[in-house]
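Hi,

Here is the model I promised to pass along.

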Amino acid sequence: MNFSYSEEQQMLQDSVSKFIQQDYDFDTRRKITESPRGFSEENWNLFAELGWLMVPFSEGDGGLGGSATDLIVVMEEFGKGMLVEPFLATAVLGGGLIAECGNDSQKEELLAFIMGGELQLAFAFTEPESRYELNNVTVTAERRGDEFIVNGAKSVVLNGEAADKLLVAVRTSGEQRDRDGISLLLIDAEARGVRRRGYATVDGQRAAEISLDNVSVPAACLLGEEGKALPGIEKVIDRATLAICAEAVGAMAVTLAKTVEYTKTRKQFGVPISKFQALQHRMADMFIEVEQGRSILYMAAMQMDANGGVAQRAVSAAKSRIGAAARKVGQEAVQIHGGIGVTDELDVGHFFKRLTTFQFQFGSTDMHKLRFLNGESSAA
Amino acid sequence: MNIDLTEEELSFREEVRAFLKEKLPADLSRKTLNGLHMEKEDYVRWQKILHEQGWAAVNWPVEHGGTGWTPTQKYIWANECAVAGAPDVIPFGMKMVAPVIYTYGNEEQKQRFLPDILASNVWWCQGYSEPNAGSDLASLKTSAVRDGDHYVVNGTKTWTTLGHYADWIFCLVRTGGPDVKNQEAISFLLIDMNDPGISVSPIITLDGHREVNEVFFDNVRVPVENRIGEEGKGWTYAKVLLTHERTGIARVANSKQRLGQLKRLAAETADGAGSLLDNLAFAQKIVDVELELLALEYTELRALASVSTGKAPGPESSILKIKGTEVAQLIDELFVEAAGNYSMPFVKDQFAPGFDGEPVGPGTAANAAPRYFNNRKASIYGGSNEIQKNIICKAVLGL
Ligand SMILES: Cc1cc2nc3c(=O)[nH]c(=O)nc-3n(C[C@H](O)[C@H](O)[C@H](O)COP(=O)(O)OP(=O)(O)OC[C@H]3O[C@@H](n4cnc5c(N)ncnc54)[C@H](O)[C@@H]3O)c2cc1C
């Protein structure tokens with residue numbers, strides 16, 4: 001048994017941590033979120049230079065190894081700074097799908113550009129009515145000769161506006177909720193018939209509504225086998241879910257630390273409010289939540305690494321448990337701060353927002369609880 | 001024990017319903033029912049309609065223009081207003097400063113201030129909290145030093161809700177020196193926001209709106225005649241007022257209305273093969289809130305019944321504040337959950353009148369998260385829920 005990071009992982013953590021602490025303070029982040037693009041190109045290039053964009057990829061694909069543990073090391077540090085650069089959308093989701101489903105020539109064509117910081121991606125999978133079901137796909141792709149004609153709408157697509165290329169889950173056969181008949185297409189974001197309506201998200205990121213109106217896509221842009229994309233999509237979404245779990249653990253740790261610090265400096269009734277036992281126990285509870293969250297995160301990452309990248313049930317366990325922790329830690333942090341906690345000015349409210357959206361991203365706490373439960377019978 | 005309404009009460013309810021149906025503007029009710037941002041003009045428009053009807057000041061004594069309604073009538077009124085989506089009456093003038101003026105003010109002050117409050121001609125804000133005096137309000141530092149017929153006021157008030165709309169501010173200020181006990185050093189002053197030396201700067205809340213402010217006083221000269229009651233008695237007056245603030249705070253009627261709305265929304269929201277209301281986990285959360293609310297409703301009714309037998313609202317009213325805000329916040333959260341992926345977008349001004357951009361998400365789904373974020377304030381202001389529990393410990397349990 002070993003719970004410590006390898007030397008390489010330690011170095012990776014140090015370098016990301018240093019960047020967040022020195023170059024990604026809350027004011028810097030705010031300026032970045034308010035910029036037209038919503039993230040910093042300069043940072044993105046730096047991430048490429050430092051090799052961080054190679055973290056999610058296997059050595060065979062030209063990456064650093066792509067273990068789940070490496071991924072959570074980076075994501076946890078990102079979470080501490082509420083990083084808004086589209087690492088998740090481009091490298092983990094987009095890059096992950098290409099690595100998972102793409103053929104050799106597609107990988108060769110694209111992966112190096114992702115890792116080099118030259119290509120932005122977005123994965124368009126949710127739809128207005130799909131909620132959290134990955135198999136719930138109504139965007140259609142009809143084969144016509146050596147093209148697909150794509151029609152429909154995707155919603156709340158992270159990084160959808162800045163992306164150069166979109167990975168789109170489409171239905172090539174079957175009914176709305178069938179597991180079969182889902183395919184994955186790589187669509188040029190500027191292609192005719194693609195309309196993107198970008199916006200900020202409540203947690204400072206960017207997303208877009210995307211409509212596809214008779215978009216013609218060369219058949220060569222199909223990733224993987226026609227109609228058989230769902231298992232690959234699920235696998236990649238699970239990895240992304242694990243990634244945001246790590247992000248949330250990082251965010252929770254900082255939220256707790258800031259809350260503890262604040263109570264030591266804020267005086268009411270002649271004493272620091274940290275002296276009130278009513279608040280002390282609540283912070284002790286927050287601490288317990290963060291540690292339980294971290295434990296279940298490690299569990300899931302270890303399972304994933306031990307099982308060749310597949311760990312459905314473990315990921316759902318982590319997502320639902322960390323979701324509950326995020327809810328509590330976020331709400332308590334704001335409450336314990338008092339009025340200053342509900343202002344836009346202080347970072348704590350923004351951590352609370354991110355810890356809120358986290359609970360619903362890639363499936364709610366309840367959804368994952370159910371998936372964990374249902375997985376029990378199917379697990380060996 | 002019984003909670004049946006009498007014949008007169010039933011016909012009163014009909015009268016209220018008919019009034020709301022005829023006079024409540026549809027745009028205001030839409031905003032209220034969806035928790036959308038309101039402008040000053042929106043509030044004033046509605047309050048003037050109420051005034052015309054003679055129903056603006058529900059709690060005031062009849063002699064000053066109040067309704068003279070029984071507690072049951074007030075309860076009916078609150079329920080019907082919530083169901084119809086009538087905007088909240090802004091409390092600062094009507095529910096906060098007016099009771100202090102008509103209870104402790106002199107004749108001249110009553111003549112001067114009450115009619116404009118009643119008619120919503122003048123907007124008031126509450127200047128109690130300071131950067132270093134929140135829960136420990138009595139430690140406030142804003143000073144008022146006597147200079148002839150004036151007080152010279154210096155200091156900073158903060159968290160002043162809608163202070164940027166206000167014509168007047170009622171303040172707790174320190175008139176006693178450092179050797180005077182806190183509770184005897186505080187006076188209650190009415191200050192014209194247009195006085196030289198006052199400046200107001202915005203505080204933006206988590207939903208991106210300007211709702212609160214900091215108000216700075218730099219040698220502001222306030223006539224002594226603007227002091228309510230005796231010098232050094234302001235704390236006593238304010239405490240009476242705080243109890244008033246607490247009784248309406250359970251907001252049972254509003255929470256009931258919203259819970260109904262939530263169920264309808266859940267029934268219309270697709271979730272897998274069925275609707276979100278068929279989702280057992282979600283349905284259970286709704287039931288949990290509903291049961292809490294049902295108990296709270298009866299807790300409030302018990303409190304009302306005891307007030308109607310002549311007892312003052314006691315420390316039990318802290319239950320109403322704690323549970324009322326917890327229930328409202330849980331409902332806010334369930335709306336976020338119902339919005340699902342559409343809880344993410346933040347399109348500023350999407351729901352403002354005159355928005356000519358492209359809206360995102362179905363209905364007001366994209367308003368769910370900002371509203372949830374904003375309403376975390378409810379368990380913080382008006383005496384935080386921790387402070388309410390301290391009150392229960394001390395005043396009820398004798399700890
Ligand atoms: C949106 C909003 C609107 C407001 N509007 C107004 C307004 O119009 N006018 C006005 O005057 N004020 C207003 N307030 C101020 C409000 O009343 C204060 O925020 C509140 O009294 C808490 O004070 P604080 O924010 O300084 O928190 P603090 O007093 O610093 O409290 C911080 C935390 O410590 C806890 N705490 C403090 N003392 C104790 C204790 N003894 N035991 C246990 N826990 C304790 C609190 O519960 C809280 O969790 C508003 C506040 C908000 C957020």
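First, how the geometry was set up: axes are lines fitted to C-alpha atoms, for helices over the stretch in contact, and angles run from 0 to 180 degrees between N-to-C directions. Helices (H or I, at least four residues) are DSSP runs, numbered from the N terminus.

This is a predicted model, where local features need pLDDT of at least 70, side-chain atom pairs count only at pLDDT 80 or more, and totals for chains, interfaces and linings use all residues. Residues are numbered from 1 along each chain as its sequence is written, chains are lettered from A and ligands numbered from 1 in the order in which they are written, and side-chain values use heavy atoms, with hydrogens and water left out.

In chain B, helix H1 (residues 7-23) packs against helix H3 (residues 40-53) at about 135 degrees, and their axes are 12 Å apart. That angle makes H1(B) oblique to H3(B); angles under 35 degrees count as roughly parallel, over 145 as roughly antiparallel, 65 to 115 as roughly perpendicular and the rest as oblique. B:Phe19, B:Leu20 and B:Lys23 of H1(B) meet B:Trp46, B:Ile49, B:Leu50 and B:Gln53 of H3(B), contact meaning heavy atoms within 4.5 Å.

In chain A, helix H7 (residues 230-265) and helix H10 (residues 347-360) pack at about 150 degrees, with axes 10 Å apart. H7(A) is therefore roughly antiparallel to H10(A). Among the residues making this contact are A:Ile244, A:Ala248 and A:Lys258 of H7(A), and A:Phe351, A:Arg354 and A:Phe358 of H10(A).

Happy browsing!

Key: Helices (H or I, at least four residues) and strands (E, at least two) are DSSP runs, numbered from the N terminus.
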